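Thanks for coming. I'll take you through one structure today, starting with its layout and then going to charges, patches and a few backbone details.

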Amino acid sequence: MNRNQAKQTLRNIFNLNHFYEDQWETIERISNGERILLIEKTGFGKSLCYQFPATQFHGLTVVFSPLIALMRNQIKYLKSIGISSECVNSEQEPEENSEIFEKAKQSKIKILYIAPERQENQEWLEAVRKMKLSMVVVDEAHCISVWGHDFRPAFRRIISLVKLLPSNFPVLATTATATERVANDIIAQMGGNVKLIRGNLLRENFYLSVVRVDSEEGKMAWLAEFLKNQNGNGLIYTGTRVNTDLFASWLQFVGIDAANYNAGLDADSRKEIEDGLLSNRWKCIVSTNALGMGFDKPDIRFIIHTQIPQSPIHYYQEIGRAGRDSLPTKIVLLYNPVDRELPEHFINNSRPSINKYQRVINALKQEPLSIHNLMRKTNLTQIQVRVIKTDLIDQRIIREVMYGKSKKYEYQFRAPQLDTRPFEILRQFKIAELKQVIEYAEAATCRMDFLCKYLGDNSVGRCGKCDNDLQIINKFTLTDNWKNKIKEFIECYFLELKVESRNSNIVNGVASGYYGFSNIGSVIHRCKYENGGDFPNHLLIQTLRAFRHKFGKEKFDLVVYVPPTESGDLVKNFAEKIAKILGFPFSNGLKKISKTEPQKVFENYILKRENVKGAFTFENSAEIIGKSILFVDDIFDSGTTIKEIGKMFTYLGTAKIAPLVIAKTIGGSWDDITKPAGLTKRIVNTKKDNLKIDLYKILRRWRVRKAKELSIPAYCILSNAALKNIAEMKPENFMDLLEIHGLGKITVKKYGEDILRLVNKGFETKSEETTKKPKIPSYIEENRKIYPNAYKPWTEEDNKKLWQLYNRGMKVEHLSHFFKRTKGAISLRINKLYIKYGK
Amino acid sequence: MSDYPYWMALAHLPNWLTEKINSLIVEIIQNRRISFVEFFELNKNEWQNEFQLNEKEVEDLQNTKLELPNYSFLAESLLEQGFSIITINSEEYSKTLKQNLKMKYSPPLLYTKGNIKLLNESSVAIVGSRKASDIALEFTKTIAKNFAKNYQIVVSGFAKGVDKTALDATLEVHGHSIIVLPQGIMTFTSGFKKYYAQIIEGDVLLLSTYHPNVPWSVGLAMGRNIYIYGLADKIYVAETDLKGGTWTGVMDGLKKDRTIYVREPESDEKNANYLLIEKGAIPVDMDGKPIQVEDKKYFELQIKNILSSKPLTAKQIKDCLHLDIDTLKLSQLISSMDFIVSEKIKKVKSFRLKNKKKLQGNLFE
């Protein structure tokens, strides 16, 4: 078929008038059975380069695509123009996928989209053997390379496949973002003999800018101001899942239609948000980078990053989805120099410690294990196991083997030793890339030119549209008005506990805050483990406010609490107070019928679930049939205990179970490690090697203190050798502790908690121990400029005066002015007095 | 770029005899010195004229060519899961197998999992029926352990009875074994689990010559016997009936001049071991050692054999059997045998069989 004939066919099928030069060259070569790597910017029309030849081939074109959203969009489009196409993915029912395989075997489909992970699926491998194949397409081919911004292990198998395909079998790999290094890597991995076709990367309609902010509050305020004056809709990227919820809630708080999106949401919710974005239901979606790549909405008018991405290539990819309609589009990076800590943290902690790799290897030397059993045997989190198994497969130490329909991992005969050098090389490479992003943020030259050059396109020069070319300096200063508004928001920002499931009458509950944020975690810790007494009233007030936020004036028939493993009567007393204040009956009836270990001993949900399975009962079950129960606990971690108790209550006939907890942990996912917005920044810092803390000395000081406390000689607690081993190994959890020479089960049980706290918070501990006079935090000083009495203790006289004025109907704002204290402090005090004096 | 998909496509050409496939492979890579890629790019006429292929064969190859991408998917899956694909021209391919089965029967591809070095080590096969007697199993156990301790690879078919006993005894003393599977290698998942420790230690090699996904069948179980015998330098028979896989396999081996050892049966055993000895197998004792000439029964059998065609003198018998014995003593021994008649022919004492019915087979032919 010559170009003119092809143009005619293009008109007939795709209703398009012409091919771009690069499109035609690709199509011509593909038709001759060549292998092509096509690098073109988003919106160029890469898909046509395989969709057109696919319509001309006799057999099936298989498109490996990592993005379900993209698959859905493409299928919708192809079907609308009469091309038989289907996609197979994990979000469809297995029966639906099987039907599609059947259709493909009967040559009833021209284009089949499939996730690369499917190459590990036995049904697919069985089915594909019977399909008449004409072409293989690898979409988002940068995922092949570890030097790219989104390496995905599943692509490794696609590459192995490409190498095995007959040499004259057409293969097309496409991407919008590949540096020269990534492109060369892709070509090498495809086995060479690949023609590279590369277009220019300039996005002419992009108005790139960087806005300097001083704090997270600044970002929140800037967003609120920007979005109120901005036409169209767009995307806001955050660095973590937790922040998608926080920023979306904030924007809703200030009256902007925002939804949050991240990979932690279930498939239906994600699809609903995608559809909502397409139909302009929201002004903006606040998302992690889980949304965007492959999402096809032509009129995304703005993309704002609230957090610097890991590399310029990440950035170019993430902004790439905006403005496909070629109309002016704003691309903003909110930049605070301290923001580098988060990506730096991700980079430095992208791999588990080496002893965890060894734990996996040792388990697999014993028997072949599925991923779940591997988690059981090693007590590692799912993410850790996934990272480790990917590296071990890559180094040919283990293999993924099909046992019938299930996958198991096997240690290999003559497996090499684990080589950690590639990990370090990659880490250094990523740190260097991060520096490039900071250079972008601080650059004084054309921003588009900077990005394109980084991606190997030197043709831009000056875009004439970015803030630097237009000589605009963007610096945002936070006003008091915004500060107050944010404070107001934070005070009523509570966390939903998602625990609902089909087989349980449990409903989603609420937590008053994150464990790691502000001081909730340390207060709980002090009460539980350092004889700090009952949970203080401010936690009670905060939890009650969370209750009101979530359940309003709803009445419950009974308040119960989780029987303690370690905290004595703390939770019981807390729940009793809540029941008393809310006026609901209180019960001690929830009992533990089998021994359980503290859930924190277990790193993954499987072991946590097994630990509490069948462990609870309710004494007088007749009492709770058809009733609604408010169920109180101190910390919500994986939710397995709460879910188990919910199931038990459901079984006994309870109509509704609602959880209420003081604090929610951030969770096991590294993706969830975050900074609190609007609060003091405290990133969970595990860069222990870099901190240069003399952990050994800290441990010794702790031992002296402990020995005095217990009136026993120091060596009876732990030997010097054991302390040295701890300092050397830097254990992260109880399993790690048990592996250290010199520490037995009893020692770990007695002192494990203390040791882990010292190891993991070594930096903070040092400052605690060495700084005698703590410096007054800056935020206190700031507040005192406006409210001279802020943070000063309340006298009894103040209390009485406040209660009197409040009962007279004076508003909080006026009380704040009268007492020279913040509105938040006034509200808190009123709540306390409410408990003290009652109505 | 790997050519495994081409090998697989050729190896599993439907209804092609192994010899035909091997001849084509030899013609392509050895005689013409072209790659499989080049071969598959030739047109129909070139296949017909240059490779002397008929219409049907060309049609088969054309169909197979269309399946090459599909074989790529299969090959990827196999290699990714740690299976090895060993081609007949590779160094790893068992030399013993090639030597024993020649071009006619040597499988073009071996699919394996485990320590492929075992393929080129000194090896033995211990064979016998699925319902072998206790004494046969005892024999199997003893000699398997002996061989294992002497670093010989025990080739097993993974069937019940003798096969399984030989395998288990070998592994009990941490010996090495090749398990020849009666099915496609990817379907042997129960075995992956059962022999996991031995596989990752390098003590066991799983081997199949069949399409990787084909399930177990009687036909494949019978068909794989030839590969068990083929992979072994020596074959030991623990027990055989007059029919069945063992009998057929051993007879086939004898036809091909393979040295076959067979356990000497007790007088009351009802099996065909003795008949096998009569057919030419070498009897061995319970430790697997060949029974010496002095052993009466074996000696009598040799005498019967040698006198089955014509009468001979003691001197002639001594020379024929290469016996290291005094001729007079030999003469006395033969005279004492109750199935022998002595007579003087031209003044020389000759011996002949009382019963003139000719015995089947001749050990020394």
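**Layout and details of the model**

Chain B is assigned three stretches: domain 1 (1-80), domain 2 (114-284) and domain 3 (296-353). These bounds come from an automatic or database domain assignment. Between domain 1 of chain B and domain 3 of chain B, the C-alpha centres are 59 Å apart.

Before going on, some housekeeping. This is a predicted model, in which local features need pLDDT of at least 70 and side-chain atom pairs count only at pLDDT 80 or more, while totals for chains, interfaces and linings use all residues. Residues are numbered from 1 along each chain as its sequence is written, chains are lettered from A and ligands numbered from 1 in the order in which they are written, and side-chain values use heavy atoms, with hydrogens and water left out.

Chain A has domain 1 (3-198), domain 2 (206-339 + 443-487), domain 3 (347-423), domain 4 (494-672), domain 5 (688-770) and domain 6 (778-837). Domain 2 of chain A and domain 4 of chain A have C-alpha centres 37 Å apart.

Now the salt bridges. By that I mean a side-chain nitrogen of Lys or Arg within 4 Å of a carboxyl oxygen of Asp or Glu. In general, side chains of opposite charge can pair when their charged atoms come close. How many salt bridges are there over all chains? The search of the whole structure gives 51.

A:D391 sits in helix α16 (residues 382-394) of chain A and A:R351 in the loop between α13 (341-348) and α14 (354-366) of chain A, so the pair ties together parts that are 40 residues apart in sequence. Helices here are DSSP runs of H or I with at least four residues, strands are runs of E with at least two, and both are numbered from the N terminus. Is A:D391 buried or exposed? It is buried, at a relative accessible area of 7%, and A:R351 is partly exposed at 26%. The cut-offs are under 20% relative accessible area for buried, over 50% for exposed, and partly exposed in between, with a 1.4 Å probe and protein chains only.

The next pair is A:K453 and A:D449, with a salt bridge of 3.1 Å, N to O. They are four residues apart in helix α18 (residues 447-454) of chain A, which means a separation of about one helical turn. A:K453 is partly exposed at 44%, whereas A:D449 is buried at 8%.

The last pair is A:R821 and A:D798, at 4.0 Å, N to O. This one links distant parts of the chain, 23 residues apart: A:R821 is in the loop between α33 (812-819) and α34 (823-837) of chain A, and A:D798 is in helix α32 (residues 796-807) of chain A. A:R821 is buried, with 5% relative accessible area, and A:D798 is partly exposed at 23%. There is also a network, in which salt bridges that share partners join A:R72, A:E91, A:R270 and A:E274.

On to surface patches. Patch residues have over 30% relative accessible area and no salt bridge; like charges are joined within 9 Å, and nonpolar side chains (Val, Leu, Ile, Met, Phe, Trp, Tyr) within 5 Å. Areas come from the Shrake-Rupley method with a 1.4 Å probe, and for residues only the protein chains shown count as cover. Lys and Arg count as positive, Asp and Glu as negative, and His and the chain ends are not counted. Each charge is placed at NZ of Lys, CZ of Arg, CG of Asp or CD of Glu.

Which residues form the positive patch? A:R609, A:K613, A:K643 and A:K647 do. A:K647 belongs to helix α24 (residues 640-652) of chain A and is partly exposed at 47%. A negative patch gathers A:E93, A:E95, A:E96 and A:E99. Of these, A:E95 lies in helix α5 (residues 94-105) of chain A and is exposed at 53%. A nonpolar patch of about 250 Å² is made by A:Y207, A:L470 and A:I472. A:Y207 is in strand β8 (residues 206-212) of chain A, partly exposed at 31%.

Last, the backbone. Most residues other than glycine have a negative phi. A:N193, not a glycine, has a positive phi of about 55°; A:N193 is in the loop between α8 (180-189) and β7 (195-198) of chain A and is exposed at 63%. B:R33 also has a positive phi of about 55°, in the loop between α2 (18-31) and α3 (36-41) of chain B, exposed at 68%.
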